[in-house]
Amino acid sequence: MSNLYNSDITTRILEAANHSAQRTEFRLENNSCYLSNLRLVNVGGSTTVNAGDQPNANFAQGPRSVIRQIELYSGNQLLDQIVDFNSWDLYKSILGTNDYQQSAGCALRNTNWGLTNEGEATWADPIPDPPAPRQNSYYSTVRNYLVTEKNLPDVAAEKEQAWVSLQEVFSFLNSSIHLPTGILKDLRIVILYNSVAQMNKLSDKNDIAIFNPSRPLLVADEINPGPMFDSFVKSYRGVNYTPVEGDRVVIKAIADDAVEDTETGNNKEFSSNHLLSGFTGKYVEKLVLTLQGTVASTWQNPVSRVHTGGRGATYNNANVGGRGSPNQWRQQIQWRVNGSNKLPRTGLVGKNRTLAMLADNTPAYSNVPASNWVSLQDPTEVLNTDPAFANYSCVPIEENVQELQLTYSRYGIYGADAETNAATRQQLFANVFGLVRKSLMVRPDGSFNIMYA
């Protein structure tokens, strides 16, 4: 299908070359030229749940949470990719103004992340951090309910799908104006989908029995043959871009018996050092650290705001499900690059300092009040019916990396049983995303070479 909206450009809607429950692949025509504003439509899926109450995808990502990994190739040459799409996209999803979240973001992404506060905040005495916390409450929060339909329905429905701008996903496209496929031959986009088990962590219910991704479409603006086409192809010399690359380390769990119900033993510090090799030999502009919990009870909520009571405590996932970044008690982060600490003194210490650095190094941030606090059952730092999950940090590096080390410290807090305060003791996956510098250079014979800066 195509639509001619001027004499130079034709908008084409392209079917997938192949599609299955595991992957979708789109292929662009060779010896043509496309604008870089490629976009996907009809992204989402349909589900079957055991008790028949259809779920929503997590509020920040919406139906695009069905994507596990997404890649851009020229032939077999990888141009750009996001390996852990859910962790990165969820982080990017909250980096937007609240106005955008309630208007264009809601309609295009089919999300529910615009926020409105109601009521009055009540506070106890100011909380020092340390020592142990005391109880506080904050504004009750109402999400944007412009989207009322279930966006993971039992059958594929057009109005429950999402739109994805691939320029927002791939730095290669965002840094390019046009894509001459006589040079970038066999240009293709590969989408890998989440399994049923993963979708149970990414929706507001965790009893999905069957999941099928929708068949997406690719919208591409193709340059018609003529002077504009000839000029674009002749002028193409390559592109400098900053793709997102990643690495992961495991932060070990704190044993339940490592903390005890005493004044001096109810919260103890545990520190670990981690060497990351995924950024060696690359110029890194920024590093983003997100954490991923491994204990299901830390993201399940028996009284979810959307499904009060639901089908019981084990069937409600709070906020963004199991892929949020759980907050940790008295967390400290230090990056060591090429033998030198990147942050002064002991590094990022304290919630507000971490949040301030995140705000300084990102374009915008939209989240619920107290989202950087720690959800504790006993004692309680914040009264919150949804577990807090916004433990994101963003640190500028601006250096060629030969050795990268993460020093991570947190305090485990005692719980009367294995689930009480488990969020502070659970094993964590530390997902590290780095913006690295990369270049595609076109050779005189029309072939190209990709190199790190």
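**View 1. Threonine 298, a buried loop residue**. In this predicted model, threonine 298 has a relative accessible area of 15%, which places this residue below the 20% limit and therefore among the buried ones. Threonine 298 belongs to the loop that runs between strand 20 (282-293) and strand 21 (332-337). Its side chain reaches the backbone oxygen of valine 295 at 2.6 Å, and the threonine 298 side chain also makes a polar contact, at 3.5 Å, with the side chain of glutamine 426.

View 2. The buried residues of helix 1 are Phe85, Asn86, Ser87, Trp88, Asp89, Leu90, Tyr91 and Ser93.

**View 3. Isoleucine 70 and the nonpolar cores**. The largest nonpolar core comprises 61 residues, and Ile70, Leu166 and Phe172 are those with the most contacts inside it. When residues up to four places away in sequence are not counted, isoleucine 70 touches Leu40, Gln81, Ile82, Phe85, Leu166, Val169, Phe170, Ile189, Val190 and Ile191. Another core, of 23 residues, lies apart from the largest one and includes Val284, Leu348, Val395 and Ile397.

View 4. Of the contacts in the protein chain with a separation of 6 or more, 78% are between residues 24 or more positions apart. The accessible surface of the protein chain comes to about 19,300 Å², and carbon and sulfur atoms account for 50% of that surface.

Terms used
Residues numbered from 1 in each chain as written. Predicted model: local features only at pLDDT ≥ 70, side-chain atom pairs only at ≥ 80, totals over all residues. Heavy atoms only, no water. Buried < 20%, exposed > 50% of the residue type's maximum accessible area, 1.4 Å probe, protein only. Helix = DSSP H or I, 4+ residues; strand = E, 2+ residues; numbered from the N terminus. Core = buried A, V, L, I, M, F, W, Y, C linked by side-chain atoms within 4.5 Å. Contact = heavy atoms within 4.5 Å. Polar contact = N/O pair within 3.5 Å; in protein donor to acceptor, adjacent residues only side chain to side chain. Areas by Shrake-Rupley, 256 points an atom, 1.4 Å probe, with all protein chains shown as cover.
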